[in-house]
Amino acid sequence: MFLTWEFPPRVIGGISPHVFYLSKSLAKNGVKVHVVTCDFPGAPARETLDGVEVYRVDSYKNPSPDFATWVYLMNLNMQKEAAAIAAKLPEKIDVFHAHDWLVATAGIGLKHVFRKPLLVTMHSTEIGRRDGLHTSTEKMISETEAWLTYEAWKVICCSQYMVSHVKWAFGLPDDKLVMVPNGVDWAVYEKVRKHELKDFRTTFASPEEKLVLFVGRLVYEKGAHVLINSIPKILEKVNAKFVIVGSGYMKEQLSTIVKSMGLEHKVLFTGFLDEESLMKLQCSADVSVVPSLFEPFGIVALEAMAAKSPVVVSDTGGLGEIVEHDVTGVKVYPNNVDSLAWGVTKVLTDEKYRNSLREDAYRRIHERYDWDKIAQQTERIYEGVLGEYSKSFWA
Amino acid sequence: MRVIIFTWEYPPRIVGQLAEYTSSLSTQLVKNNVETYLVTYHPYMTGVTEEPNGVKIVRVANSVRTHIGVLTWVLTLNQEVERAAANIYYQAGKAVDVVDVYDWHFIPAAVTLKNALGIPFVYSVDSLEDHRSHEANMPFNMAIKSIEWLGFYESAVVTAKSEWMRDEIVRIYKTPKEKIQVVSPTSKTWIDDMLKVYAQAAGGAAKT
């Protein structure tokens, strides 16, 4: 049974698509997956989706003074509902699989009342997101994460970088940690209607402008400000339009910077885009830039690669593992305006280089980031845990 | 009959009058041949102990040290209460007749145990948020009230210590009056009344 605070159509960050594809691919491999998640306006409380049983629970039942308290109150309700679902199922739940601290208390409680193994995928950490722990809320969240990893049988991370980060953050033993990468649904990009792209592109950039794409929440760790600061240097060499997709608490600040630099005509903030437009944009981009300062995995880079857009990424965290420099993309120094400008300019000015990056990246996606292969890896982890569990006194 | 009492205070940790009350209640229950467990909070005296009076006490601490309010503190502590209760349940051959919860703090644990393992619970009301923070309707207070409401809704039986409190519960939470039993600690029939409540909650099947 998966516990997750987001599942399509509720999409807040990377956990939602991760759980969506992983659960579907597991179901395809014959694993019965029950997903318990938060409700969303218009989404049914109960549905079966490609063999995955989805349950959406009322997540705003209890009034909450702040976000963190809301999370624990939401967990109270999620745990109650999940307990009732698991108790009524004709078959027993073998494994509870939690995604991030947002479902920590529900996962820990269910583990103990049903005496079944708990696994957790740590998509991110509070200490990484905030670059340290500065407030009581941040400390509380970090301690909740530590507790969750302590209670888990195995802790799954999506990159080697996250494995070592989580090991450091919570002092976990090596044999508790396991790396399974995120995947990307490359097939959806093949369905994008290529003949419409030319017209579509003109709504964002003129034909003589190269299209530089940033996709991500507009928050500090995603580094959109680094890209914006590098624009004058890039424009010295090449005519380009910078399209920034996403929203976040830095949106106002970023558009003020753009205005003060006199670059309003070169930068377009689209806000949050619907999936189809986003995919078209990714297919149209001459380069996709991921300038994150902290990135546990960097799924947006994989999406760009699947859309056959060349990528320039900062060499940090999981991003650095996805991209092989000069082969499947360009890696630049994180938080370094000159380095980023160099990388973007190099890709935009050399068409042959651009095409070779596209092809190699696309091949790499199929080899390593295919959801079916990832689901098989995950299933092997479940089997290993259940083997150990069967010898424990809980069995 | 096997009963687990949940209370957030118990001697030597005394905050209000619940510590004293649950202590004398559990003592009396053991005298009446009820196998009595009590799960409570203590910051460091954790683990299982058996009191000279025969009550088995499990003290748990919070796994999360830093908190931003009593709500986050309570909501994370509940998982340890659940763990302690689940251990009792499994070690007793999956048989606990009833859980008796004092005030709102450990309602979440009782609700999960009910839904997961089918253990009915009694919600014993000592005080209500509406009286403690009169007419306060900030999200903080409303959250506590929503947990109290969950307790009234999910419990098998509610106990109040006076007729007045019973009427207050009906007035504020619209709980059906017949679901609430008045069990007065000063009454001569106090323990008998409590045992009747437990039997009623356990479906009338369990005998002492």
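I will go through the model's sheets, then the helices, then the contacts between domains and chains.

Some conventions. This is a predicted model, in which local features need pLDDT of at least 70 and side-chain atom pairs count only at pLDDT 80 or more, while totals for chains, interfaces and linings use all residues. Residues are numbered from 1 along each chain as its sequence is written, and chains are lettered from A and ligands numbered from 1 in the order in which they are written. Helices (H or I, at least four residues) and strands (E, at least two) are DSSP runs, numbered from the N terminus.

Start with the sheet of chain A. In what order do the strands of chain A come? The order is E3-E4-E2-E1-E5-E6-E7-E8, which makes an open sheet of 8 strands with mixed pairing. Two strands pair if DSSP finds at least two bridges between them. At the edges stand strand E3 (46–49) and strand E8 (177–179) of chain A; each has a single partner strand, so one side of each has no neighbour in the sheet.

Now strand E2 of chain A, residues 34–38. Of its 5 residues, 4 are buried, so to speak mostly covered; buried is 20 or more other C-beta atoms within 10 Å of a residue's own, exposed is 12 or fewer, and partly exposed is in between, with C-beta atoms placed from the backbone. Strand E1 of chain A, residues 2–3, pairs with E2(A) in the parallel sense over 2 bridges, and Leu3(A) stands opposite Val36(A). E2(A) also pairs with strand E4 of chain A, residues 52–57, in the parallel sense over 5 bridges. There, Thr37(A) has Arg56(A) as its bridge partner.

Two helices of chain A on that sheet. H2(A) packs on the sheet, touching E1, E2 and E4 of chain A, with its direction at about 155° to that of E2(A). H6(A) lies across strand E7 (154–157) and E8 of chain A, at about 165° to E8(A). Axes are lines fitted to C-alpha atoms, for helices over the stretch in contact, and angles run from 0 to 180 degrees between N-to-C directions. Contact between two residues means that their C-beta atoms, placed from the backbone, lie within 7 Å.

Next, the pair H2(A) and H3(A). Their axes come within 8 Å and cross at roughly 35°. The crossing is right-handed; that is the near helix turned clockwise from the far one by less than a right angle, and left-handed is anticlockwise. From H2(A), residues including Tyr72(A), Met78(A) and Ala82(A) take part, and from H3(A), residues including Gly109(A), Leu110(A) and Phe114(A). By class, this contact has 9 nonpolar, 4 polar and no charged residues. Ala, Val, Leu, Ile, Met, Phe, Trp, Tyr, Cys and Pro count as nonpolar, Asp, Glu, Lys and Arg as charged, and the others, Gly among them, as polar.

Is H3(A) buried or exposed? Buried: 11 of its 11 residues are, so H3(A) is largely enclosed by the rest of the structure. Lys111(A) and His112(A) are among the buried residues. Just after H3(A), Arg115(A) takes a positive phi of about 55°.

On to domains. Chain A is divided into domain 1 (2–183 + 371–390) and domain 2 (186–368), with bounds from an automatic or database domain assignment. Their C-alpha centres lie 30 Å apart. The contact takes 13 residues from domain 1 of chain A and 11 residues from domain 2 of chain A. H6(A) gives the most to the domain 1 side, with 3 residues. That side divides into 4 nonpolar, 7 polar and 2 charged residues.

Between chains, 30 residues of chain A are in contact with 29 residues of chain B. Which helix gives the most to the chain A side? H2(A) does, with 11 residues. The chain A side divides into 15 nonpolar, 10 polar and 5 charged residues.

Last, chain B. Its 8 strands form an open sheet, E3-E4-E2-E1-E5-E6-E7-E8, with mixed pairing. The twist averages 20° from one strand to the next. Helix H3 of chain B, residues 107–117, lies across E1, E5 and E6 of chain B at about 160° to E5(B). Asp192(B) lies in helix H7 of chain B, residues 190–201, and counts as exposed because it has 12 C-beta neighbours inside 10 Å.
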